[in-house]
Amino acid sequence: MTETIAAHGEIRALGPADTDRYCNHLTRLDPEARRMRFFADVSDFHVLFHAGAALSDGRTVIGYVEDDEIRGACELLPSADDPHGAEAAFSVEQDWRRAGIGGLLMTAMIDAARQRGAQRIELQCLKTNLPMQALAARFTSDLRQIGDTTLAVLDNTPAGG
């Protein structure tokens, strides 16, 4: 189905002009996906605030866009503690899962991180988020169980990525 995805949608950087569509994407996430994305049950207001901040505060947001709607996204946030580090978070709407979008977003995110000088990318998810762990495991073998979460660490140095 990845060929179908590639034929119908595109992976591209999102910007402030995409705020409404990004907010719509995040609010379309089913309750479980929203909990997995934000680590808690969050209100639509929280999602609206988050979408606006994500597209205006300097983080990189990459989206899968099909028929002018954002159906999946990855946010890349520079680490506050490590000048060569970054954190990433993903979301894909239910009807678009298991179609290769996560892998396309991950590849684009890794490239964007490398362009920004990020040599270490951390992805944290709830330990019950098995699809995210499976996606991360395709790109790194460094998955760590920490309490109720799983941390995946991607070496994004030119020799490691």
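Student: What classes make up the lining of the largest cavity?

Tutor: The lining divides into six nonpolar, two polar and no charged residues. Ala, Val, Leu, Ile, Met, Phe, Trp, Tyr, Cys and Pro count as nonpolar, Asp, Glu, Lys and Arg as charged, and the others, Gly among them, as polar. The model is predicted: local features need pLDDT of at least 70, side-chain atom pairs count only at pLDDT 80 or more, and totals for chains, interfaces and linings use all residues. Residues are numbered from 1 along each chain as its sequence is written, and side-chain values use heavy atoms, without hydrogens and water.

Student: What makes a space a cavity, and what makes it a pocket?

Tutor: Work on a 1 Å grid over the protein atoms alone. In a cavity, a 1.4 Å probe fits but cannot get out. A pocket is an open set of points with protein on both sides within 12 Å along at least five of seven lines. Lining residues have an atom within 4 Å of a point.

Student: Which residues line the largest cavity?

Tutor: Leu-123, Cys-125, Met-132, Gln-133, Ala-136, Leu-143, Thr-150 and Ala-152 do. Strand 5, helix 6 and strand 7 each give two or more residues to this lining. Helix 6 gives the most, with three. Helices (H or I, at least four residues) and strands (E, at least two) are DSSP runs, numbered from the N terminus.

Student: What volumes do the largest cavity and the largest pocket have?

Tutor: The largest cavity has about 40 Å³. The largest pocket holds about 1000 Å³. A volume here is the space filled by probe spheres set on the grid points, which are joined across faces, edges and corners.

Student: Which element gives the most to the lining of the largest pocket?

Tutor: Strand 4 does, with six residues. By class, the pocket lining has 21 nonpolar, eight polar and ten charged residues.

Student: Why is Gly-63 called buried?

Tutor: Set its value against the cut-off. Buried means under 20% relative accessible area, exposed over 50%, and partly exposed in between (1.4 Å probe, protein chains only). Gly-63 has 0%, so it is buried. Gly-63 sits in strand 2. It touches Glu-10, Ile-11, Arg-12, Leu-14, Gly-72, Ala-73 and Leu-105, not counting residues up to four places away in sequence. Contact means heavy atoms within 4.5 Å.

Student: How do you know that Asp-30 counts as buried?

Tutor: Asp-30 has 18% relative accessibility, so it counts as buried. It lies in the loop between helix 2 and helix 3.

Student: Why does Phe-39 count as partly exposed, and what does Asp-67 count as?

Tutor: Phe-39 has 35% relative accessibility, so it falls in the partly exposed class. Asp-67 has 68%, so it counts as exposed. Asp-67 lies in the loop between strand 2 and strand 3. Phe-39 lies in the loop between helix 3 and helix 4.

Student: What is the phi of Phe-39, and what is that of Asp-67?

Tutor: Phe-39 has a positive phi of about 65°, although it is not a glycine. Asp-67 also has a positive phi, near 50°. Most residues other than glycine have a negative phi.

Student: How do you know that the sulfur of Cys-125 is too far for a bond?

Tutor: A disulfide is a pair of cysteine sulfur atoms within 2.5 Å. The closest cysteine sulfur to that of Cys-125 is in Cys-74, 13 Å away, so it is too far for a bond. Cys-125 has 5% relative accessibility, so it counts as buried.

Student: How many disulfides does the structure hold?

Tutor: It holds zero. Cys-23 is in no disulfide, and its nearest cysteine sulfur, that of Cys-74, is 18 Å away. Cys-23 counts as buried because its relative accessibility is 9%.

Student: What makes a set of residues a nonpolar core?

Tutor: The members are buried Ala, Val, Leu, Ile, Met, Phe, Trp, Tyr and Cys residues, joined through side-chain atoms within 4.5 Å. The largest core has 26 residues, and Ala-88, Phe-90, Met-106, Met-109, Ile-121 and Leu-123 touch the most other members. Helix 5 gives the largest share of this core, eight residues.
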